[in-house]
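Visitor: I would like to know what the words used for this structure rest on. Please show it first, and then take the terms one by one.

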Amino acid sequence: MADKLFIPIILGTVREGRASEAVAHFMHTKLLALPDVQTKLIDIRTLDIPWNDEGQALAKRNQGFVDDIIRADGLVIVSPEYNHGYPGSLKRALDVCFEEYERKAVGVVGVSNGMIGGARMIEQLSQVVRRLGLSITKTDLLFPRAPEAFNEDGSPKDEKTHERCAVFLNELLFLAHSLKWGRENISE
Ligand SMILES: Cc1cc2nc3c(=O)[nH]c(=O)nc-3n(C[C@H](O)[C@H](O)[C@H](O)COP(=O)(O)O)c2cc1C
């Protein structure tokens, strides 16, 4: 494969004590280990999103984020489930960009302390990412009981997590490669 894919991870909550942070670090480790991928962890806490504005009007004050989305071939969004939906903070962060997402891939990693692992949140977020022009994987990666899911060294307690993560990333990379080829070779 000639060029490496750039697949950043978006940590999609600003909550104090967020369990999603350990999940995002786990995903970061997994993507760093892939030879044909470059990645970085984007913590939405680092974005400058004041309460008196929304959307692309905030792009200039978040140029680093915009540049990352422009460069990205795909995204991994790590998001908790809040009242069966995605965090408002994640939506406000995603709304900073629009056409920069067009014809790129996304996979969503759901996080919850319940047994469902964020599946209901993913159903809602899939509607949003579709509007943004992103193509979402059919395979999700779910982390139920997330606050107890990791050892102190950041490794998952359930060994099967590695296999589930590999299946998820495999599909995401296929989609990201395919869409990159399409963007570069198919004219409108
Ligand atoms: C506002 C709010 C709403 C929540 N709603 C749900 C929910 O609908 N379903 C669920 O399983 N967990 C829910 N939780 C618990 C989260 O799943 C829990 O905080 C988990 O650790 C993942 O989120 P975190 O990254 O913020 O820690 C909610 C938490 C908050 C703060």
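Guide: A residue is called buried if 20 or more other C-beta atoms lie within 10 Å of its own, exposed if 12 or fewer, and partly exposed in between, with C-beta atoms placed from the backbone. Helices (H or I, at least four residues) and strands (E, at least two) are DSSP runs, numbered from the N terminus. The model is a predicted one, in which local features need pLDDT of at least 70 and side-chain atom pairs count only at pLDDT 80 or more, while totals for chains, interfaces and linings use all residues. Residues are numbered from 1 along each chain as its sequence is written.

Visitor: Which residues of helix 1 are buried?

Guide: In helix 1 they are Ser 20, Val 23, Ala 24, Phe 26, Met 27, Lys 30 and Leu 31.

Visitor: What makes them line one face of the helix?

Guide: Seen down the axis of helix 1, the buried residues fall within an arc of 160°, so they line one face. The arc is that of the directions from the helix axis to the C-beta atoms. In general, an α-helix has 3.6 residues a turn, so residues three or four places apart point the same way.

Visitor: Why is Ala 22 called partly exposed?

Guide: Ala 22 has 19 other C-beta atoms within 10 Å, and is therefore partly exposed. Ala 22 lies in helix 1. Leaving aside neighbours within four places in sequence, Ala 22 is in contact (C-beta atoms, placed from the backbone, within 7 Å) with Phe 150 and Gly 154.

Visitor: How do you know that the length of helix 5 agrees with its number of residues?

Guide: The expected span is 1.5 Å times one less than the number of residues. For the 26 residues of helix 5 that should give 38 Å, and the end C-alpha atoms are 38 Å apart, so the two agree. For the 13 residues of helix 1 the span should be 18 Å, and its end C-alpha atoms are 18 Å apart, which agrees.

Visitor: What is buried in helix 5?

Guide: Phe 168, Leu 169, Leu 172, Leu 173, Leu 175 and Ala 176 are buried there. The buried residues of helix 5 pack against several elements, including helix 1 (20–32), strand 5 (74–80) and strand 6 (104–111).

Visitor: Is Leu 179 buried or partly exposed?

Guide: Leu 179 has 19 other C-beta atoms within 10 Å, so it is partly exposed. Leu 179 is in helix 5 (residues 160–185). Not counting residues up to four places away in sequence, Leu 179 touches Arg 103, Lys 104, Ala 105 and Ser 135.

Visitor: Why does Arg 103 count as partly exposed?

Guide: Arg 103 has 14 C-beta neighbours inside 10 Å, and so counts as partly exposed. Arg 103 is in the loop between helix 3 and strand 6, and has a positive phi of about 60° although it is not a glycine.

Visitor: What makes a set of residues a nonpolar core?

Guide: The set must consist of buried Ala, Val, Leu, Ile, Met, Phe, Trp, Tyr and Cys residues joined through C-beta atoms within 7 Å. The largest nonpolar core has 50 residues, of which Ile 9, Val 23, Met 27, Val 76, Val 78 and Val 109 touch the most other members. The largest share of this core, six residues, comes from helix 5. Among the residues that Val 109 touches are Val 23, Met 27 and Leu 141.

Conventions
Two residues are in contact if their C-beta atoms, placed from the backbone, lie within 7 Å.
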